[in-house]
Amino acid sequence: MSFGELSKNLTDDKLSCEFSGNADAQLLVDFLFENAIKIFKIEWIVNDPQFEMYSPEYVLTKFLGQLLAHPNVTFSSLKKFTLVHTEFDERSSQLLADLIRTLPHIREIRIINAESFGDHAKPVYEAMQATKNLRNVTLKNCGLQLKDAHSIFIDYLPFKDSIDLSCNDFSDGTFPLNLSGFETAHTIKTLSLNSCGLDENNLAVIGVALTTNNTLTYMDLSHNSLTPYAIDSIRTSIQYNWSLRKLDMFCMFKNMELDKEVQILREHNPHIAISY
């Protein structure tokens, strides 16, 4: 494996690290340990894994295993951890969960374009739940299903500030936002469900949940099955919601009927910036 490219930016003795390519895990870990105290962001990006001689699951497992091999080293400044274009198996998922539990000040975790994550996600959910300083979670295009949405909103992540579940497929049933875990909202302030295959019935369920939600300030429902019925359901509900300030509903296929419903939605909710 090649070392790949290392991009680092020093600001006020804090170090931001971005790794691209299937970099050699030991070389990366040696570098990270040398700078453990001042690193505040790590971004691990695996490019074109199908052309590498090692599977992305193996590379990720080796990298995480090396990070955990030195328990006397603490990434005390690390606040943001990102994994992009990798894949998970049971071992790498457990290693990531173990790593998260060792990060005392982590505030944001992003996992992007890891379609096998959903099959092995439970240990990571539990670690995220136990990490008090973690506020922002992105699980974008991670192969999540409705059962994962239920776990995220009800069981594991109701006390986080921001959740991005964009580009997962929630089209195989009813989205669980009508359950009390979301309706009371706990602390969730921003929620992205962009491109999640939500039909008009699921969007109507979200509308009902917004009736009692009092913490969301931003929601992204773009690129789902937006219909006049869905917009009307949302309009009826959000008139009772006084926390929401921005609602994105971009869609590829617009028509006069949709335009009319969105205009009514805007007129009835002047306190909400609605993008369509």
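User: What covers the buried residues of α8?

Analyst: The cover includes α7 (200-212), β10 (246-248) and α9 (256-268). Before we go on, this is a predicted model, where local features need pLDDT of at least 70, side-chain atom pairs count only at pLDDT 80 or more, and totals for chains, interfaces and linings use all residues. Residues are numbered from 1 along each chain as its sequence is written, and side-chain values use heavy atoms, with hydrogens and water left out.

User: What makes α8 a helix, and which of its residues are buried?

Analyst: Helices are DSSP runs of H or I with at least four residues, strands are runs of E with at least two, and both are numbered from the N terminus. α8 spans residues 228-238. Its buried residues are Ala-230, Ile-231, Ser-233, Ile-234, Arg-235, Ser-237 and Ile-238.

User: Why is Arg-235 called buried?

Analyst: Buried means under 20% relative accessible area, exposed means over 50%, and partly exposed is in between (1.4 Å probe, protein chains only). Arg-235 has 17%, so it counts as buried. Asp-232 has 27%, so that one is partly exposed.

User: How do you know that Arg-235 and Asp-232 form a salt bridge?

Analyst: The term asks for a side-chain nitrogen of Lys or Arg within 4 Å of a carboxyl oxygen of Asp or Glu. For Arg-235 and Asp-232 the closest N and O atoms are 2.3 Å apart, so the pair qualifies. Both residues lie in α8, 3 residues apart, about one turn of the helix. An α-helix has 3.6 residues a turn, so residues three or four places apart point the same way.

User: How many salt bridges are there in the whole structure?

Analyst: A search finds 4. Among them is Asp-248 with Lys-246, with closest N and O atoms 2.7 Å apart. Here Asp-248 is buried at 7%, while Lys-246 is partly exposed at 33%.

User: What makes Lys-147 and Asp-148 a salt bridge too?

Analyst: Their closest N and O atoms are 3.6 Å apart, so the pair passes the cut-off. Asp-148 has a relative accessible area of 4%, so call it buried.

User: Where is Gly-143, and what does it touch?

Analyst: Gly-143 sits in the loop between β6 (136-140) and α5 (146-156). Contact means heavy atoms within 4.5 Å. Leaving aside neighbours within four places in sequence, Gly-143 is in contact with Ala-114, Glu-115, Gly-118 and Asn-168.

User: Why is Gly-143 called partly exposed?

Analyst: Its relative accessibility is 30%, so it falls in the partly exposed class.
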